[in-house]
Amino acid sequence: MKGLRLTAISTVAITSVLLILASGYTGLAQTSAPPPTLAPPLISLAEARVIIDGAVAFTREQNLNMAVVAAGNLVSADKMDGTTINNTRFAEGKAFASAILRQTTEVLANLAKDRPDRYFGIMNMYPGKVYLVGGGVPLTVDGRLVGAVGVAGLPQGVDEKAARAGIAAWDKFRQSMKK
């Protein structure tokens, strides 16, 4: 009788293990995926500073404060006086999203209404890394992505204008370097 009980318990235990393995359960050997990465920045620190200075100049003209990040893979960042530290993180999330998804974050934010499946898919693919709110603009040279700019802390629509002012300053700088 005792041998029969051990055999029954062993059979149940082995069957349970086999069922768990067959179901694809990976809780025992779960590893976290590596964080998403971008290629090394393709703009110099000097170029990033020109972008930031252009965005800051635009923002000062508006008598506002913001944080700005140059390149999706951080090259440089600034936070103007009176701006919360959270805005630096928001700006970085916008730059990262814009660079990795090759689109303005204003367009990407519209996915929440137009394609919620895609919006939430992006949010789940890059948790804590992307911020899909207007203010992120890709940087391109001759159609080639070289980074992005992210601005946060300004009223809706003004973040992107500040980013574009920084990009305009960068374009002007690049033209002067060609001469």
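1. Let's start with Trp 170, which touches Ile 43, Glu 47, Val 50, Ile 51, Leu 139, Thr 140, Val 141 and Val 146, leaving aside residues up to four places away in sequence. Contact here means heavy atoms within 4.5 Å.

2. A word on the basis: this is a predicted model, in which local features need pLDDT of at least 70, side-chain atom pairs count only at pLDDT 80 or more, and totals for chains, interfaces and linings use all residues. Residues are numbered from 1 along each chain as its sequence is written, and side-chain values use heavy atoms, with hydrogens and water left out.

3. Trp 170 also belongs to the largest nonpolar core, which has 24 residues; together with Ile 43, Met 66, Val 68, Leu 139, Val 149 and Val 151, Trp 170 touches the most other members. At least two residues of this core come from each of helix 2 (45-61), strand 1 (67-70), strand 3 (136-141), strand 4 (144-152) and helix 7 (158-178). Helix 2 gives the largest share, six residues. A separate second core has ten residues, among them Ala 97, Ile 100, Leu 108 and Tyr 119. For the terms, a nonpolar core is a set of buried Ala, Val, Leu, Ile, Met, Phe, Trp, Tyr and Cys residues joined through side-chain atoms within 4.5 Å; buried means under 20% relative accessible area, exposed over 50%, and partly exposed in between (1.4 Å probe, protein chains only). Helices (H or I, at least four residues) and strands (E, at least two) are DSSP runs, numbered from the N terminus.

4. Strand 1 has two partners, which pair if DSSP finds at least two bridges. Four bridges join strand 1 to strand 2, and the two run antiparallel; Ala 67 has Lys 79 as its bridge partner there. Strand 1 also pairs with strand 4, again antiparallel over four bridges, with Ala 70 opposite Val 149. Ala 67 and Val 69 point one way from strand 1, Val 68 and Ala 70 the other, and all are buried.
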